[in-house]
Amino acid sequence: MIRPKVPTMPQPTGLVTPPAVVEPTAVIPHQDTAPAPVTPAPAAARPTVQLTPGAVVALVGGGTAVVLVVGAVLVSMLLAVAVTGVSVAICALVIRSLINTEAKQR
């Protein structure tokens with residue numbers, strides 16, 4: 001049969017470099033200096049949004065349309081699941097009836 005072969009570590013060939021020697025260095029403590037004063041950045045001048053009555057009507061109309069479309073999609077999905085469930089239940093009743101009548105005839 002097929003047996004896996006475990007690879008063996010070959011002996012190093014060629015030049016082998018010795019491990020590098022790490023020499024410790026002197027640690028110089030950091031001298032604390034006073035932090036520079038922080039000045040707050042000036043606030044960006046943002047224009048305010050002004051809604052006109054036409055824009056408000058457009059926003060309300062768009063929001064209503066989105067809610068109606070999403071609601072219609074969700075209701076149609078729920079209806080599809082309900083119809084599928086009813087059809088599966090009817091199929092189960094028919095199959096059970098066929099099996100019971102077959103058993104009674106024997």
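1. Where is the place of Leu74? Leu74 sits in helix H1, which covers residues 53-105, and the secondary structure of the protein amounts to one helix and zero strands (DSSP runs, H or I of at least four residues for helices and E of at least two for strands). The model is predicted, with local features needing pLDDT of at least 70 and side-chain atom pairs pLDDT 80 or more, whereas totals for chains use all residues. Residues are numbered from 1 along each chain, and side-chain values use heavy atoms, without hydrogens and water.

2. Of the 106 residues in the protein, 0% are buried (under 20% relative accessible area, with exposed over 50% and partly exposed in between, 1.4 Å probe). The accessible surface of the protein is about 11100 Å², 71% of which belongs to carbon and sulfur atoms (Shrake-Rupley method, 1.4 Å probe).

3. Leu74 has a relative accessible area of 53% and is therefore exposed.

4. Ser87 also has its place in helix H1, and is partly exposed because its relative accessibility is 35%. A polar atom of the Ser87 side chain lies 2.8 Å from the backbone oxygen of Thr84.

Note on methods: A polar contact is a pair of N or O atoms within 3.5 Å; within protein, one must be able to donate a hydrogen and the other to accept it, and residues adjacent in sequence count only if both atoms are side-chain atoms.
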